[in-house]
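Subject: Structure handover

Hello,

Here is the structure for you to look over. My notes on what was found follow below it.

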Amino acid sequence: MTTPAERRLEADDEASAPAPKPPVPLLNIANILTAARIVLVPVFVAALMHDGGHSTAWRLTAAAVFFLASATDRLDGELARKHDLITDFGKIADPIADKALIGSALICLSLLHELWWWVTVVILVREIGITLMRFWVIRYGVIAASPGGKLKTVVQSLAIFLYVLPLAGVAWLQWSATVVMAAALLLTVGTGVDYVARAVRLRTGAGGAR
């Protein structure tokens, strides 16, 4: 049997133990922004493809929707980390929303004959391939986003935004869009090679540790 003093010590230990963290609610601001980005994808596509992409007003609307959706990408991640709102839904839905927005924009621009298909294919293969590769090595560790990868996302979004704008008759804007897209393509390929090298090192290191 425990003595009264021992029972008091046990009670004090229980009282001083940190309370368990409450579960993060699924319905939080970060997840709402992620879901909103997914909802905005078909709105963006409809605006961009309206009237075969020839309507200036609808192109400007599509550009505004794309800008808004891209802004939520950065904001939802910052809110999730700052306020500890990370959920399994967010981990899955966030990259899906990113790929859906970027992928739909590239495909639509190629369908409108405003962006070479090979550019769209290279970027989509890299994006989908790196996502699958992350799952391939997840049992060995997590490949965090590199500064180059974050820059790639920003430059990609800027390039697409410029292409979505009604460029006809504005030579300097067309030239700017081409240059930024070229930079985005180089960053896309370069960071993709870096991620593959990191994944190989991660698996090799894990295999050696065994």
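To start with the surface: helix 5 gives the largest share of the nonpolar patch, three residues. The patch covers about 450 Å² and is made by Ile107, Leu111, Trp117, Val121 and Val125. Helix 4 (88-111) and helix 5 (117-136) are the elements that give it two or more residues. Val125 lies in helix 5. Val125 counts as exposed, at 57% relative accessibility.

Some terms. Helices are DSSP runs (H or I, at least four residues) and strands likewise (E, at least two), numbered from the N terminus. Patches take residues with over 30% relative accessible area and no salt bridge; nonpolar side chains (Val, Leu, Ile, Met, Phe, Trp, Tyr) are joined within 5 Å, like charges within 9 Å. Areas come from the Shrake-Rupley method with a 1.4 Å probe; for residues, only the protein chains shown count as cover. Buried means under 20% relative accessible area, exposed over 50%, and partly exposed in between (1.4 Å probe, protein chains only).

On provenance: this is a predicted model, where local features need pLDDT of at least 70, side-chain atom pairs count only at pLDDT 80 or more, and totals for chains, interfaces and linings use all residues. Residues are numbered from 1 along each chain as its sequence is written, and side-chain values use heavy atoms, with hydrogens and water left out.

**Overall**

The chain has seven helices and zero strands. Its pattern along the sequence is α-α-α-α-α-α-α. Of its 210 residues, 38% are buried. The chain exposes about 12,700 Å², and carbon and sulfur atoms supply 71% of that. Contact means heavy atoms within 4.5 Å. Among contacts between residues at least 6 apart in sequence, 75% join residues at least 24 apart.

**Cores**

A nonpolar core is a set of buried Ala, Val, Leu, Ile, Met, Phe, Trp, Tyr and Cys residues joined through side-chain atoms within 4.5 Å. The largest has 35 residues. Those with the most contacts inside it are Phe44, Leu48, Leu106, Ile160, Val164 and Met181. Helix 2 (29-49), helix 3, helix 4, helix 5, helix 6 (147-164) and helix 7 (171-209) each supply at least two residues of this core. A second, separate core has six residues, including Ile130, Val137, Tyr195 and Ala199.

What does Ile160 touch, leaving aside its neighbours within four places in sequence? Ile160 is in contact with Phe66, Ile102, Ala105, Leu106, Leu109 and Met181.

Ser70 sits in helix 3 (residues 56-82). Ser70 is buried, at 19% relative accessible area. Not counting residues up to four places away in sequence, Ser70 touches Leu101 and Ser157.

Gly148 is in helix 6 and is partly exposed, at 25%. Gly148 and Thr191 are 43 residues apart in sequence but 6.2 Å apart in space, C-alpha to C-alpha.

**Aromatic pairs**

Rings of Phe, Tyr and Trp (its six-membered ring) pair if their centres lie within 6.5 Å; planes under 30 degrees apart count as stacked, over 60 as edge-to-face and the rest as tilted. The whole structure has three such pairs. Phe44 and Phe66 have ring centres 5.5 Å apart and planes at 45°, so this pair is tilted. Phe44 lies in helix 2 and Phe66 in helix 3, so the pair ties together parts 22 residues apart in sequence. Phe44 and Phe66 are buried. Trp116 and Trp118 have centres 6.2 Å apart and planes at 20°, so this pair is stacked. Trp116 is exposed at 60%; Trp118 is partly exposed at 48%.

**Salt bridges**

A salt bridge is a side-chain nitrogen of Lys or Arg within 4 Å of a carboxyl oxygen of Asp or Glu. The search finds six.

- Asp98 and Arg37: closest N and O atoms 2.9 Å apart. Asp98 is in helix 4 and Arg37 in helix 2, 61 residues apart. Asp98 and Arg37 are buried.
- Glu127 and Lys99: 3.9 Å, N to O. Glu127 is buried at 6%; Lys99 is partly exposed at 29%.
- Arg198 and Asp194: closest N and O atoms 3.7 Å apart. Both lie in helix 7, four residues apart, about one turn of the helix.

Salt bridges that share partners join Lys99, Arg126, Glu127 and Lys152 into one network.

Best wishes
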